[in-house]
Amino acid sequence: MPVDHLQSKYGLENHGLTNLGRVHWNHNTPALYEAIIRKQEGHISHLGPVVVRTGTHTGRAAKDKFIVAEPTSESLVWWGNINKPYPEDKFKLLFRRIQAFLQGKEVYVQDCYAGADPDYRMPIRVITENAWHNLFARNMFIQAPVETLEDHVPEFTVLQVPNFHADPDLDGTHSDAFILLNLGMKMVLIGGTAYGGEIKKSIFTVMNYLLPQSKVLSMHCSANIGPEDDAALFFGLSGTGKTTLSADPNRNLVGDDEHGWSDNGIFNFEGGCYAKVIGISKEHEPEIYETTRRFGTILENVGFDSITRRLDLDDDSLTENTRAAYPIPHIPNALREKRCDHPKNLIMLTSDAFGVLPPIAKLTPEQAMYHFISGYTAKLAGTEIGITEPTTTFSACFGEPFMVLHPFKYAELLRDKINKHNVDCWLVNTGWTGGPYGVGKRMHLPHTRTLVNAALDGSLREVEYDEDPIFRVQVPRSAPGVPSEILNPRNTWEDKEAYDQKAIELAGKFKENFTNYESEVSQEVRDAGPTTEPLVVA
């Protein structure tokens with residue numbers, strides 16, 4: 001079996017992979033570019049990014065993700081609609097067919113790490129059928145020093161074979177695509193989909209299983225740190241602004257999506273960013289915009305002119321979920337150590353399609369618990385297959401699809417850390433104002449940035465607040481640099497009665513969703529939610 005240099009002593013035969021074609025071990029970015037072009041997997045665009053297409057799957061295949069029901073983890077997994085069990089015997093049979101499929105084929109291997117905190121980092125291995133997916137892994141995870149590669153032994157392995165398709169009748173899968181997590185075997189199998197996000201989210205799911213068992217909170221959030229060493233966390237689902245709002249030129253980026261919170265502070269799980277880039281501009285998102293003009297960046301399903309090789313970031317003909325995967329140093333002010341102290345502010349981002357939540361509100365610790373458990377937002381078009389317009393959803397811990405344990409395992413850890421480190425908590429609506437989706441308009445990004453900065457620099461501690469009569473959160477009467485009339489969402493609606501009805505409707509959805517959890521939480525947390533009583537206006 002011919003191989004390249006930088007090979008680990010822990011070979012692929014340890015994963016049951018034998019009789020392969022050429023094995024490409026730990027190629028750097030230029031070498032992977034050469035392979036991408038040689039294999040015609042993508043195109044080099046103006047200034048150097050590589051543009052690729054993911055085919056049918058332009059978002060996560062949520063219905064195709066399963067966890068293998070096996071003895072070491074079965075009693076710990078929160079089984080339900082999200083964590084669906086997959087038979088261990090079928091996993092073994094499917095894996096054997098993949099082993100046969102790879103006979104004589106080229107494969108690419110990246111040995112890297114998940115987790116920047118040395119006390120909790122996990123050595124991983126990503127084995128891919130395509131060179132561009134290997135570059136994706138190299139960008140997204142933490143690169144291992146070259147001198148350590150020979151002795152690299154992975155604790156978890158991802159085997160990604162997009163050209164292998166399952167047979168639902170034979171394999172018991174939902175479709176020909178599959179993402180199968182075997183916590184006992186410490187392996188993820190991905191097939192039938194070329195969407196790069198499945199690779200990163202599979203390892204995120206693993207970290208969400210392992211770390212809370214060590215009293216470390218795993219979080220679907222971005223993080224940055226200001227000039228006064230004031231760290232901030234930004235929670236939210238894809239499309240709510242985690243990446244955009246954390247990429248602030250006046251603050252250092254720790255990471256844009258996945259973090260842990262240990263007794264040592266905050267640490268990034270990843271070595272890169274996976275930003276949604278549809279419609280971004282140099283004016284409003286300059287840091288992310290510049291990454292689309294850098295060698296090493298992978299652009300998934302982004303429009304470009306095949307003659308001039310110029311990008312069209314507004315082109316949504318393939319999907320609204322166009323993505324850029326780039327190493328974190330592509331952001332000029334990124335924190336290279338990917339770690340920081342405990343946060344002083346915690347921001348929960350929601351894209352409210354009802355248009356009734358304020359652009360920013362102060363939360364008590366109990367309200368923070370309530371909204372963390374609720375995880376309300378609107379799933380935006382393209383982030384999952386079948387989502388074509390904003391859809392109201394509640395996703396526990398702002399990342400329910402990736403949470404293996406019961407949500408309260410994470411919620412309890414969050415509560416303890418908020419109280420221990422005296423963290424200020426905020427709810428920020430990046431969704432609609434002046435009316436619901438289809439009537440109102442999206443929050444103006446510069447206004448959102450200004451409000452977030454006012455929360456982080458302490459300006460909002462100096463203003464007066466009013467309690468929202470429905471959602472009971474504290475809404476500022478004024479904020480530096482922002483028109484005061486936008487702060488109270490009711491004032492932005494022409495039809496005030498329509499606002500009242502919509503607000504009570506959303507409050508009802510909150511209460512209905514929370515019935516899944518209220519038996520487990522204190523009365524103080526239950527009381528921190530909204531009311532559905534009719535609004536009385538003086």
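In which crossing, left-handed or right-handed, does H1 pass H3? The crossing of H1 past H3 is left-handed. This report on a predicted model treats that pair, two further helix pairs and a cavity.

## Helices H1 and H3

Two packed helices are described by the angle between their axes and the distance between the axes. For helix H1 (residues 29–38) and helix H3 (residues 131–140), the angle is about 155° and the axes are 8 Å apart. Because angles over 145 degrees count as roughly antiparallel, H1 is roughly antiparallel to H3.

From H1, the contact is made by Thr29, Leu32, Tyr33, Ala35 and Ile36. H3 contributes Ala131, Trp132, Asn134, Leu135 and Arg138. Classified by residue type, the contact of H1 with H3 comprises seven nonpolar, two polar and one charged residues.

## Helices H8 and H9

Helix H8 (residues 365–374) packs with helix H9 (residues 407–421), their axes coming within 10 Å and crossing at roughly 155°. This angle makes H8 roughly antiparallel to H9. The crossing of H8 and H9 is right-handed.

On the H8 side, Pro365, Ala368, Met369, Phe372 and Ile373 take part. They meet Phe408, Tyr410, Ala411, Leu414, Arg415, Ile418 and Asn419 of H9. By class, ten nonpolar residues, one polar residue and one charged residue form the contact of H8 with H9.

## Helices H8 and H11

H8 also packs with helix H11 (residues 496–514); here the axes come within 10 Å and cross at roughly 80°. Because angles of 65 to 115 degrees count as roughly perpendicular, that description applies to H8 and H11.

In this contact, Tyr370, His371, Ile373 and Ser374 of H8 meet Phe510, Lys511, Asn513 and Phe514 of H11. By class, the contact of H8 with H11 has four nonpolar, three polar and one charged residues. Ile373 is listed both here and in the contact of H8 with H9.

## The cavity

How many cavities of 30 Å³ or more does a search of the whole structure find? The search finds one. About 40 Å³ of space lies in the largest cavity.

The lining of the largest cavity consists of Thr350, Leu357, His371, Ser374, Gly375, Tyr376, Phe398, Leu427 and Phe510.

Methods:
Residues are numbered from 1 along each chain as its sequence is written. This is a predicted model: local features need pLDDT of at least 70, side-chain atom pairs count only at pLDDT 80 or more; totals for chains, interfaces and linings use all residues. Side-chain values use heavy atoms; hydrogens and water are left out. Axes are lines fitted to C-alpha atoms, for helices over the stretch in contact, and angles run from 0 to 180 degrees between N-to-C directions. Helices (H or I, at least four residues) and strands (E, at least two) are DSSP runs, numbered from the N terminus. Angles under 35 degrees count as roughly parallel, over 145 as roughly antiparallel, 65 to 115 as roughly perpendicular and the rest as oblique. A crossing is left-handed if the near helix is turned anticlockwise from the far one by less than a right angle, and right-handed if clockwise. Contact means heavy atoms within 4.5 Å. Ala, Val, Leu, Ile, Met, Phe, Trp, Tyr, Cys and Pro count as nonpolar, Asp, Glu, Lys and Arg as charged, and the others, Gly among them, as polar. On a 1 Å grid over the protein atoms alone, a cavity is a set of points where a 1.4 Å probe fits but cannot get out, and a pocket is an open set with protein on both sides within 12 Å along at least five of seven lines; lining residues have an atom within 4 Å of a point. Grid points are joined across faces, edges and corners, and a volume is the space filled by probe spheres set on the points.
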